[in-house]
Amino acid sequence: MSAALPGQATAPRTRTWVPDGPLDLGLVLGPLRRGPADPMFRATRDGSVWRACRTPAGAGTLRVSARGGEVCGEAWGPGAEWLLDRLPELLGAADDPGAFEPRHRIVALARHRRPGLRLTRTGLVLESLIPSVLEQKVTTDEAYRAWRLLVRRFGEPAPGPAGTGERPMWVMPAPRTWALIPSWEWHRAGVDDKRASTILRAVRVAARLERVTALPAAEARGLLEVVPGIGPWTSAEVVQRSHGAADEVTVGDLHLPRIVGWALAGDRDADDSVMLRLLEPYAPQGQRHRAARLILLSGSVPARRTPKMPRVDIGRL
C-alpha cells in the first residue's frame, strides 16, 4: 500500500478527554499563535483550534474541539500519536489554577471573568524558541511576517486536511533545514544577522534543547541561555509555553512592566524592578506569570506616552 502524501486527507487518530473544570480553548492555546496569519495555528468559526507541529515523531496536525464538557482531539501525520498522548497537558492538565490566590482586586476580577484559563504545556522547545528570537528588538508585525514567510518557504504542508485548500497550514522546518537557509533568505524575510545567527546556533543543538522539557522551568531557562543570543526575555517566553511555567515572568519587555505597574500601582513608568516587586506577593505561590497573564486579560492598559518601536524593513535595504 502506498503512503499518503503529506497534505492528503486521511482518517485521523482521535482521543476524547474530560477536563476537571472550565476550559477555554482560545485562552489556553492563544499564546501559541504568532499573529493572525500564523501558518501553524488556526482558530475556526466552530470554536475548534488547529495546530501544525514538528514533534519528535515527525510532522503532525492536531484539531481540538470542545463540546458538552468533553474535549475531542483529532490528529494526522507521523506525529499524531505523540500529539494525542500529550493532549491533556497541552490543555492545562498539569496546571493547577486552584493554587492561585489573587492578592489584588483587578487580578481577582480577571480570574472570575476568565474561569477557563489554564497554562498550556506543549513539551516542545524549538517551535516557541525560534519565533521568540524573531521577536527580539522588532515590532510584532515584523516578527510575525518573518515567521510566516520562513515557515511557508522552507516548511512542509501540514498532514491531513489542514495542508490543502486555499489557505493550507504548514509545519515549521526541521532543524537541519533551518541551518541551510541562505543568508539572503533571512534578509528577504527582514531578519537581521544577529537574530539569524542566534537561530542557527540554536538549531545546531536542537536535540539538546528539546530535552530541557524534562527539567524544571528555572533550570531549563539556564540551559537555554547558554546559547549566545538567548537571554532572560527569550527563555521566559519559551518555558511559559513549553513547560506551562506559572512563575516565570518575562523581563526585558517593552510594555509588560508599564501594564503591570499601571494595573497594580497606577505607575505608568514602571520598569522591570518595579514590576517584579509588585508581583512579589505571588512568588510564594509560584504564580507570578499567571498573575501577569490575568493582568493582561483585565484590559487595564496605560495610555501610550512613548513612540512605537520604529519599523525597519531590512529586506528592502
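This is a predicted model: local features need pLDDT of at least 70, side-chain atom pairs count only at pLDDT 80 or more; totals for chains, interfaces and linings use all residues.
Strand E5 spans residues 70-76. Most of the strand is covered, with 5 of its 7 residues buried. E5 pairs with strand E1, residues 13-17, in an antiparallel arrangement. The two strands are joined by 5 bridges. Within this pairing, Trp-17 has Val-71 of E5 as its bridge partner. E5 also runs antiparallel to strand E4, residues 58-67. Here 7 bridges connect the strands. Cys-72 in E5 faces Ser-65 across the pairing. E4 and E5 together make a hairpin, with 2 residues between the strands. Gly-68 lies in the turn and has a positive phi of about 60 degrees.

Salt bridges were searched for across the whole structure, and 17 were found. One of them joins Arg-118 to Asp-20, with the closest N and O atoms 2.4 Å apart. Asp-20 has a relative accessible area of 70% and is exposed.

A further salt bridge brings together the side chains of Glu-156 and Arg-54, at 2.6 Å from N to O. Glu-156 belongs to strand E6 (residues 156-157), and Arg-54 to strand E3 (residues 49-55). The pair links distant parts of the chain, 102 residues apart. Glu-156 is at 28% relative accessibility and therefore counts as partly exposed. Arg-54 has a relative accessible area of 18%. The limit for a buried residue is under 20%, so Arg-54 is buried.

Glu-89 and Arg-121 also form a salt bridge, their closest N and O atoms lying 3.5 Å apart. Glu-89 is in helix H3 (residues 87-90), while Arg-121 is in the loop between H4 and H5. The residues are 32 residues apart, and the pair again links distant parts of the chain. Glu-89 is partly exposed, at a relative accessible area of 34%. Arg-121 also counts as partly exposed, at 23% relative accessibility. Elsewhere, salt bridges link Asp-46, Arg-63 and Glu-74 in a network.

The structure contains 4 aromatic pairs. In one of them, the ring centres of Trp-50 and Trp-76 are 5.5 Å apart and the planes meet at 10 degrees, so the pair is stacked. Trp-50 is in strand E3 and Trp-76 in strand E5. The pair links distant parts of the chain, 26 residues apart. Both Trp-50 and Trp-76 are buried.

Trp-147 and Trp-178 form another stacked aromatic pair. The distance is 6.3 Å centre to centre, with 15 degrees between the planes. Trp-147 lies in helix H6 (residues 140-154) and Trp-178 in helix H7 (residues 175-179), so the pair ties together parts that are 31 residues apart in sequence. Trp-147 and Trp-178 are both buried. Ring pairs also bring in Trp-186, giving a cluster of Trp-147, Trp-178 and Trp-186. A charge-ring contact involves Arg-153 and Phe-154. The charged end of Arg-153 sits over the ring of Phe-154, at 5.0 Å from its centre.

The structure holds 3 cavities of 30 Å³ or more. The largest cavity has about 100 Å³ of space. Residues lining the largest cavity include Leu-32, Met-40, Phe-41, Ala-52 and Pro-131. E3 and H5 each supply at least two residues of the lining. H5 gives the most, with 3 residues.

Key
Residues are numbered from 1 along each chain as its sequence is written. Side-chain values use heavy atoms; hydrogens and water are left out. Buried means under 20% relative accessible area, exposed over 50%, partly exposed in between (1.4 Å probe, protein chains only). Helices (H or I, at least four residues) and strands (E, at least two) are DSSP runs, numbered from the N terminus. Two strands pair if DSSP finds at least two bridges between them. A salt bridge is a side-chain nitrogen of Lys or Arg within 4 Å of a carboxyl oxygen of Asp or Glu. Rings of Phe, Tyr and Trp (its six-membered ring) pair if their centres lie within 6.5 Å; planes under 30 degrees apart count as stacked, over 60 as edge-to-face and the rest as tilted. A charge sits over a ring if NZ of Lys or CZ of Arg is within 6 Å of the ring centre and within 35 degrees of the ring normal. On a 1 Å grid over the protein atoms alone, a cavity is a set of points where a 1.4 Å probe fits but cannot get out, and a pocket is an open set with protein on both sides within 12 Å along at least five of seven lines; lining residues have an atom within 4 Å of a point. Grid points are joined across faces, edges and corners, and a volume is the space filled by probe spheres set on the points.
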